[in-house]
Amino acid sequence: MSSTTNKRGDLNNNSVLRKPVQEFLPDPAWAHRSLAVSEKHDDGDVRAQYRPFLLTQDVADEDWISKLELSTAVRLASSEFERTGERLKILVLYGSMRGRSYSKLLSYEGSRILWRLGCDVRVYNPSGLPIKDDVQHDHPKVQELRELSKWSDGHVWVCPEQHGTITAVFKNQIDWIPLSTGSVRPTQGRTLAIAQVNGGSQSFNTVNQLRQLGRWMRMFTIPNQSSVPTAYKQFTDAVDKNDENVYRQAEGGSRMMPSGNRDRLVDCMEELVKYTILMRQHFDLFNDRFSEREDKRRKEEEARKKAEESDSVNGVNVKSM
């Protein structure tokens, strides 16, 4: 855009444009490095329960995700791990329980990208979660979901669009996560990446509603988002894991095909890692609010006055007698 003005003045306000954006060039030393946790160093129980997206090592070493140029995000994640000794903790939720669920398949691909970037990724299975009520708070699936949310630094939400909106399966999961449990807020301050799958043409109804839900849950939703049209055309067929040759050639089967939609998913996962690294160290700062400090001050003042009244008889402080 030209910075020159015409006789009518600087109509585009070019004089205050930012300087050119810094370009991050690929670093060959980091471009294709993986920070994934090896099976040897992973928790076996967690791996079995929450990492259904994992492939055999020979496939993971050669699949399309291993070939992605992610040098900036990998370097940042590595530095963050060295600084804190902790991996980014990401909870993944999906919104369908169909046998071949495309929201689940998309969530698995996103999880594999995050896994390569060194995240501790846990995928929650919504099967068995009761319909939201005011009775079953102690149900094992409810407690599991709440504990995972408290554990997390960030979330990934993937949902189909059904009748122009999010599914009941997905909304039920969010409804079971309270805004607060005592002094603990299971979602407040977490980062969030959102994606939707469509049976037909591309739509943004669901990601818009997921973004609204994220705001209501006091989460920081990244600017980017993914909406995958005609999802049934975007994935390869499932294959038999026992047929090693076919399994390896198909990269495990049910994988997302090359497209701009797949590239956008990579964008979202890369962006989530960057935002979480930047914000995780400031979670407590963002949770500090004037209104809550005022509410705490008023309650403490009321408690102090009640204590003084209980210590007085006819206006005389009995403790001083």
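Leaving aside residues up to four places away in sequence, Asn261 touches Gln202, Ser227, Val228, Pro229, Gln234 and Met256. The structure is a predicted model. Its secondary structure comes to 11 helices and 8 strands. Of the 321 residues in the protein, 44% are buried.

**Whole protein**

- The C-alpha trace spans about 90 × 70 × 45 Å along its principal axes.
- Take the contacts in the protein with a separation of 6 or more: residues 24 or more positions apart account for 78% of them.

**Asn261**

- Asn261 sits in helix α9.
- Its relative accessible area is 19%. Buried means under 20%, so Asn261 counts as buried.
- Asn261 and Tyr108 are 153 residues apart along the chain. Their C-alpha atoms are separated by 15 Å.
- The residues that Asn261 touches include Gln202, Gln234 and Met256.

**Helix α3 against helix α9**

- Helix α3 covers residues 71–84, and helix α9 covers residues 260–280.
- The two helices pack at an angle of about 30°, and their axes lie 10 Å apart.
- Angles under 35 degrees count as roughly parallel, so α3 is roughly parallel to α9.
- The crossing of α3 past α9 is left-handed.
- On the α3 side, the contact is made by Thr72, Ala73, Leu76, Ala77, Glu80 and Thr84.
- On the α9 side, Glu270, Val273, Lys274, Ile277 and Arg280 make the contact.
- By type, the residues of this contact divide into 5 nonpolar, 2 polar and 4 charged.

**Strand β3: burial**

- Strand β3 runs over residues 154–160.
- Buried residues make up 7 of its 7, so β3 is largely enclosed by the rest of the structure.
- In a regular strand, side chains alternate between the two faces of the sheet.
- Both faces of β3 are covered.
- One side carries Gly154, Val156, Val158 and Pro160, all buried.

**Strand β3: pairing**

- Strand β1 (residues 89–94) runs parallel to β3, and 5 bridges join them.
- Leu91 has His155 of β3 as its bridge partner.
- Strand β4 (residues 191–197) pairs with β3 in the parallel sense over 7 bridges.
- Gly154 has Thr191 of β4 as its bridge partner.

**Two loop residues with positive phi**

- Arg218 has a phi near 60°, a positive value in a residue other than glycine.
- Arg218 lies in the loop between α7 (205–216) and β5 (220–221).
- With a relative accessible area of 34%, Arg218 is partly exposed.
- Ser254 has a positive phi of about 55°, although Ser254 is not a glycine.
- Ser254 lies in the loop between α8 (244–249) and α9.
- Ser254 is buried, at a relative accessible area of 12%.
- Side by side: Arg218 is partly exposed, whereas Ser254 is buried.

Key: Residues are numbered from 1 along each chain as its sequence is written. This is a predicted model: local features need pLDDT of at least 70, side-chain atom pairs count only at pLDDT 80 or more; totals for chains, interfaces and linings use all residues. Side-chain values use heavy atoms; hydrogens and water are left out. Axes are lines fitted to C-alpha atoms, for helices over the stretch in contact, and angles run from 0 to 180 degrees between N-to-C directions. Helices (H or I, at least four residues) and strands (E, at least two) are DSSP runs, numbered from the N terminus. Angles under 35 degrees count as roughly parallel, over 145 as roughly antiparallel, 65 to 115 as roughly perpendicular and the rest as oblique. A crossing is left-handed if the near helix is turned anticlockwise from the far one by less than a right angle, and right-handed if clockwise. Contact means heavy atoms within 4.5 Å. Ala, Val, Leu, Ile, Met, Phe, Trp, Tyr, Cys and Pro count as nonpolar, Asp, Glu, Lys and Arg as charged, and the others, Gly among them, as polar. Buried means under 20% relative accessible area, exposed over 50%, partly exposed in between (1.4 Å probe, protein chains only). Two strands pair if DSSP finds at least two bridges between them.
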